[in-house]
Amino acid sequence: EDEIHLPGDKLDQLLAEWGRLTGRLHRVARSYHPSHPKYKRMEWDEEHTVWDVDRHLPANQAIVKEKVRSLFKKFQALPKNASSYGLVHADLHHGNFSIGEGRHLTLFDFGACMYSWYILDIAIALYNALPYPPARVNERREFTPRFLQTFLQGYLSENYLEPEWLALIPDFLKYKTQEL
């Protein structure tokens with residue numbers, strides 16, 4: 001029941017605006033520095049509910065634990081530069097913005113913000129825009145290219161992201177949705 005139900009052209013407008021808003025957020029985040037160290041948000045690897053598998057998963061889940069550890073190692077090897085890494089919203093779904101006049105979006109609920117790669121926000125937005133439930137595999141596969149093309153058109157109007165980051169979307173989907 002959380003799906004976005006809009007006619008085609010209005011949905012494309014919404015996805016492009018969502019992308020534009022995300023791109024602007026990332027562009028502005030590049031120059032953000034907390035006024036005091038106590039205000040700094042956590043880094044991606046400090047998210048213990050995701051990464052501390054020995055504490056949060058039963059001992060009989062060895063395969064899942066290994067997949068999580070493998071993903072963690074893969075992320076540790078990723079570059080952290082100003083064009084790809086910074087403060088992200090980390091909860092970019094359509095329940096966390098309102099639509100105002102002229103289809104202007106207002107983003108809220110910054111409680112999950114953290115330092116991570118910008119592609120994380122794109123992956124989270126994609127996941128939350130997909131038809132639900134996940135068993136609707138064909139619909140989700142058909143919608144993904146449309147979402148990415150339209151969302152990224154808006155995103156790239158505000159912020160540059162190297163194309164190679166798009167290949168990491170499946171890994172970031174696993175990270176935040178924990179569908180390993």
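How many residues does the largest nonpolar core have, and which of them have the most contacts inside it? The largest nonpolar core has 49 residues, a nonpolar core being a set of buried Ala, Val, Leu, Ile, Met, Phe, Trp, Tyr and Cys residues joined through side-chain atoms within 4.5 Å. W18, F75, W117, I122, F147, F172 and Y175 have the most contacts inside this core. Helix α5 (residues 119-129) supplies the largest share of the core, eight residues. Here buried denotes under 20% relative accessible area, exposed over 50% and partly exposed the range in between, with a 1.4 Å probe and protein chains only. Helices (H or I, at least four residues) and strands (E, at least two) are DSSP runs numbered from the N terminus.

The model is predicted, so local features need pLDDT of at least 70 and side-chain atom pairs count only at pLDDT 80 or more, whereas totals for chains, interfaces and linings use all residues. Residues are numbered from 1 along each chain as its sequence is written, and side-chain values use heavy atoms, with hydrogens and water left out.

Aromatic side chains come next. The structure contains 18 aromatic pairs; rings of Phe, Tyr and Trp (its six-membered ring) pair if their centres lie within 6.5 Å, with planes under 30 degrees apart classed as stacked, over 60 as edge-to-face and the rest as tilted. W18 and F97 form an edge-to-face pair, at 5.1 Å centre to centre and 65 degrees between the planes. This pair links distant parts of the chain, since W18 belongs to helix α1 (residues 8-29) and F97 to strand β2 (residues 97-99), 79 residues apart. Both W18 and F97 are buried.

F75 and F172, by contrast, form a stacked pair, at 4.4 Å centre to centre and 15 degrees between the planes. F75 lies in helix α4 (residues 62-76) and F172 in helix α7 (residues 169-177), 97 residues apart.

In helix α7, the buried residues are I169, D171, F172, L173, Y175 and T177. These residues pack against α2 (48-51), α4, β4 (114-117), α5 and α6 (137-156).

Helix α5 also holds D121, which counts as buried because its relative accessibility is 0%. A polar atom of the D121 side chain lies 3.0 Å from the backbone nitrogen of H89. Leaving aside neighbours within four places in sequence, D121 is in contact (heavy atoms within 4.5 Å) with T22, L25, H26, V88, H89, A90, D91 and L92.

Conventions:
A polar contact is a pair of N or O atoms within 3.5 Å; within protein, one must be able to donate a hydrogen and the other to accept it, and residues adjacent in sequence count only if both atoms are side-chain atoms.
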